[in-house]
Amino acid sequence: MQPKTSFFKAMFAVVWKDLIAELRGKELISAMLVFALLVIFIFNFALELDPKTRSALTAGILWVTIIFAGNLGLNRSMSVEKDRGCLDGLLLAPVDRTAIYFGKSIANWIFMLIVAMIVLPIYSILYNTNIISPALFLVILLGSEGYVAIGTLLASMAVQARTRDILLPILLFPVILPVLIAAVKASAGILSGFPFSDLQTWFNLLIVYDIIFTSVAFMVFDSVVEE
Amino acid sequence: MKAIIEVRNLIKRFGHKQVLRKLNFSVQQGEFVALLGSNGAGKTTLLRILSSLSKPNYGEIQIAGYYLPGQAAQVRKKLGVVSHLPLLYGDLSAEENLKFYGRLYGLSDFQNHIEEILQLVGLLKRKKDLVRTFSRGMQQRLAIGRAIIHDPEVLLLDEPHTGLDQDAANMLDTLLQEIASRGRTVVMTSHDFPRVANLATRFDVLYKGKIHSSKLAKDLPQHGLLAYYQSIVDEIDTGGGIQDAA
């Protein structure tokens with residue numbers, strides 16, 4: 001036995017743990033999925049849009065759904081660690097704490113993408129419009145990365161508070177606004193059939209925010225989880 | 001004997017409330033120290049600082065030759081921590097929980113080691129079962145397995161008997177005696193006097209954030225822990241003051 005933990009070994013251990021636990025419990029994905037589908041249904045029946053308006057609003061509805069469902073997942077992902085004291089168990093390990101952050105982030109990202117992949121075809125059927133495309137998938141990939149990067153950090157902060165369920169969206173939504181705007185604009189452009197060159201600004205913005213959010217989280221996670 | 005834990009002038013405040021007041025505390029290698037004291041005396045705070053989960057406001061802490069908080073990662077390799085919460089994942093099996101923590105502690109090729117640990121804590125036959133199906137006693141035994149998976153030099157236990165029935169507590173005591181007999185240093189907080197009396201080699205009483213008094217088990221008359229503790233409480237009640245005994 002060699003008691004030396006590499007960054008990646010610790011990170012993948014956290015990802016493995018979260019995936020196995022979710023595979024067994026199915027609490028997080030099922031909650032996110034049910035919530036996402038409910039949001040889509042509610043929008044569908046509440047707005048009763050004509051096909052033209054519906055097409056214009058698709059990107060917005062899609063991202064609101066993903067963001068709200070993601071918030072639920074982020075909250076649950078960290079409260080599982082807190083409720084049984086497991087966060088202390090993670091912090092007691094002789095590893096770089098950012099490995100724990102990246103492990104949690106990657107797992108949250110995977111869960112969000114799984115939910116998005118299920119939501120897209122259901123949305124297409126329900127709204128009678130085909131929104132499945134590789135370019136849209138790329139926007140979801142980039143947008144959700146930025147969202148979980150800062151969301152996991154803020155969830156780690158909010159989980160220490162008694163009002164964590166309320167605190168996370170209050171902290172997260174204002175911060176995530178630039179990513180949300182870029183993701184909605186890029187998605188709307190793709191769904192309207194604009195060429196990639198017209199949308200490059202929004203893609204660049206998503207990439208820049210992903211880098212900024214990930215870097216900030218990398219730098220401050222250790223202080224955030226410190227008592 | 002050399003001190004494996006050395007704490008000098010430790011101060012910890014939460015806001016304006018000072019929980020630890022220039023506390024001095026020393027533990028020799030291989031000792032089994034029971035930290036006693038009423039609620040709010042600072043026992044859990046002291047253990048959380050020793051385990052690097054909380055930072056002190058002032059003071060010098062050395063564990064196994066490393067300083068806290070500066071060398072926390074090195075200290076964590078030397079520590080095993082058990083609290084009244086099991087720090088285990090309910091949706092993972094006993095074996096998977098140990099595998100996960102083994103990976104976090106950088107162990108490799110540790111399948112046999114996991115089996116040994118599960119054998120030691122009496123859960124080998126339940127290794128594939130999910131932890132959420134375990135009783136509180138079984139979870140606490142597995143929590144000890146988790147804490148010793150990397151063979152730590154020091155084991156810190158915060159009220160490990162909380163919520164256990166007699167049988168589970170007896171099994172836990174046997175397990176702790178087994179670990180202590182391997183030469184590991186143990187520091188445990190507890191309110192269960194009859195149990196700690198049979199386990200510890202030294203009893204330290206915390207009062208208002210300081211070690212009020214310290215007594216070796218061999219210096220106590222048989223079944224005398226409660227009387228010793230009561231005499232200290234009486235002394236405190238009659239205004240006996242606080243001295244640094246450690």
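In this predicted model, helix α3 of chain A meets α7(A) through T58(A), A59(A), G60(A), W63(A), I67(A), F68(A), N71(A), L74(A), N75(A), S79(A), K82(A) and D83(A). The partners contributed by α7(A) are R164(A), D165(A), L168(A), P169(A), L172(A), F173(A), L180(A), A183(A), V184(A), S187(A), A188(A) and L191(A). Sorted by class, the residues of this contact comprise 14 nonpolar, six polar and four charged. The axes of α3(A) and α7(A), the latter spanning residues 164–191, come within 9 Å and cross at roughly 145°. The crossing of α3(A) past α7(A) is right-handed.

Helix α3(A) also packs against α2(A), which covers residues 27–47. Here the angle is about 150° and the axes lie 9 Å apart. Angles over 145 degrees count as roughly antiparallel, so α2(A) is roughly antiparallel to α3(A). This crossing, too, is described as right-handed. From α2(A), the contact draws on E27(A), L28(A), A31(A), M32(A), F35(A), A36(A), V39(A), I40(A), F43(A) and L47(A). Facing them in α3(A) are residues including L57(A), I61(A), V64(A), F68(A), L72(A) and R76(A). The contact of α2(A) with α3(A) holds 15 nonpolar, four polar and two charged residues.

On the α3(A) side the contact involves T58(A), I61(A), L62(A), I66(A), G70(A), L74(A), S77(A), M78(A) and E81(A). On the α5(A) side it involves K104(A), N108(A), M112(A), A116(A), V119(A), L120(A) and Y123(A). Ten of the contact residues are nonpolar, four polar and two charged.

Turning to the aromatic residues, the structure holds twelve aromatic pairs over all chains. One aromatic cluster in chain A is formed by F7(A), F8(A), Y101(A), F102(A), F218(A) and F221(A). Rings also take part in charge placements. Across the two chains, R103(B) lies over the face of W16(A), 4.4 Å from the ring centre. Within chain B, the charged end of R146(B) sits over the ring of Y101(B), at 5.6 Å from its centre.

Two backbone features of chain B deserve a look. Most residues other than glycine have a negative phi, and most peptide bonds are trans. N9(B), although not a glycine, has a positive phi of about 50°, and this residue lies in strand β1, residues 3–14 of chain B. The bond joining L68(B) and P69(B) is a cis peptide bond, with omega about 0°. P69(B) is located in the loop between β5 (66–68) and α2 (72–78) of chain B.

Conventions. Residues numbered from 1 in each chain as written. Chains lettered and ligands numbered in written order. Predicted model: local features only at pLDDT ≥ 70, side-chain atom pairs only at ≥ 80, totals over all residues. Heavy atoms only, no water. Phe/Tyr/Trp six-rings, centres within 6.5 Å; stacked < 30°, edge-to-face > 60°. Lys NZ or Arg CZ within 6 Å of the ring centre and 35° of its normal. Contact = heavy atoms within 4.5 Å. Helix = DSSP H or I, 4+ residues; strand = E, 2+ residues; numbered from the N terminus. Nonpolar A, V, L, I, M, F, W, Y, C, P; charged D, E, K, R; others polar. Axes fitted to C-alpha atoms, helices over the stretch in contact; angles between N-to-C directions. Parallel < 35°, antiparallel > 145°, perpendicular 65-115°, else oblique. Left-handed = near helix turned anticlockwise from the far one by under 90°.
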